[in-house]
Amino acid sequence: MPITRNTLSGLFPALNALFLLAMFISTADAEDKIKCDTAVQEANQQLDKNNNKPVNDESGLVKLLRTLNKDDVLPPQYVTSEFAKKQGWSGKAQDSLWKIWVLNKREIGGDSVQLPEQKSGEKWYSADLESVRGYRSAKRLIYSPQSQERYLSTNENTSRVMIKPCL
């Protein structure tokens, strides 16, 4: 069937309607979310109420959340434990990643974790927060690329609080 001016003019209302629907859905999702700064502050307050250590570097966590929410991947400074071990890291908490030249300024992230309430087929991962000179802290972001759910733990995932979906 040849494309004519009449064929194209008949398509424009349908395309316009699809575009408006996509904009509406996108706007509705955005309205349900708060700013990541606020979400992190609220999660820190919840940690404090539960007598857990708060995250000190809130701006770093906000930046990490925004990257995950936008790209569904960790920033490039993160490497998995498996990768780090292949580069020569012992995997022990008392050993700094940064002693290995290739791992300088890197953090552990992308390792899979199991959550007790995990549904079949869900995959959850962790990312270190607030590492100091290559030494891992007990603080972790727990995330799933399959959802916008994010959790914050400051005691190696012994307990965690939810971070509200954010922009």
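**Figure 1. Overview of the chain.** Of the chain's 167 residues, 32% count as buried; buried means under 20% relative accessible area, exposed over 50%, and partly exposed in between (1.4 Å probe, protein chains only). This is a predicted model, in which local features need pLDDT of at least 70 and side-chain atom pairs count only at pLDDT 80 or more, while totals for chains, interfaces and linings use all residues. Residues are numbered from 1 along each chain as its sequence is written, and side-chain values use heavy atoms, with hydrogens and water left out. The chain has 4 helices and 6 strands. Helices (H or I, at least four residues) and strands (E, at least two) are DSSP runs, numbered from the N terminus. Their order from the N terminus is α-α-α-β-α-β-β-β-β-β. Contact means heavy atoms within 4.5 Å. Among contacts between residues at least 6 apart in sequence, 49% join residues at least 24 apart.

**Figure 2. The largest nonpolar core holds 22 residues.** A nonpolar core is a set of buried Ala, Val, Leu, Ile, Met, Phe, Trp, Tyr and Cys residues joined through side-chain atoms within 4.5 Å. Those with the most contacts inside this core are Leu-61, Leu-64, Leu-65, Leu-129, Leu-141, Leu-152 and Ile-163. Two or more residues each come from α2 (36-49), α3 (58-71), β3 (124-128), β4 (140-143) and β6 (161-163). Another core, of 6 residues, lies apart from it; Ala-84, Trp-89, Leu-97 and Ile-108 are among its members. Which residues does Ile-163 touch, not counting those up to four places away in sequence? They are Ala-39, Ala-43, Leu-61, Leu-65, Leu-141, Arg-150, Tyr-151 and Leu-152.

**Figure 3. Helix α2 and its buried side.** The 14 residues of α2 should span 20 Å at 1.5 Å a residue, and the end C-alpha atoms are 20 Å apart, which agrees. The expected span is 1.5 Å times one less than the number of residues. Cys-36, Ala-39, Val-40, Ala-43, Asn-44 and Leu-47 are buried in α2. These residues cover an arc of only 135° around the axis, so they lie on the same side of α2. The arc is that of the directions from the helix axis to the C-beta atoms. An α-helix has 3.6 residues a turn, so residues three or four places apart point the same way. The buried residues of α2 pack against α3, β5 and β6. Exposed Gln-45, Asp-48 and Lys-49 sit on the face turned away from the buried side. Asn-51 follows α2 and has a positive phi, near 60°.

**Figure 4. The disulfide between Cys-36 and Cys-166.** A disulfide is a pair of cysteine sulfur atoms within 2.5 Å. By this rule the count is 1. The S to S distance is 2.1 Å. The torsion about the S-S bond is about 85°, so the disulfide is right-handed. Cys-36 in helix α2 and Cys-166 in the segment after β6 are 130 residues apart. Both cysteines are buried.

**Figure 5. Asp-128 in strand β3.** Is Asp-128 buried or exposed? Asp-128 is buried, because its relative accessible area is 0%. Its side chain makes a polar contact with the side chain of Arg-136 at 2.6 Å. A polar contact is a pair of N or O atoms within 3.5 Å; within protein, one must be able to donate a hydrogen and the other to accept it, and residues adjacent in sequence count only if both atoms are side-chain atoms.

**Figure 6. Ser-144 in the loop between β4 and β5 (150-153).** Ser-144 counts as buried, at 1% relative accessibility. The Ser-144 side chain reaches the backbone oxygen of Lys-123 at 2.9 Å.
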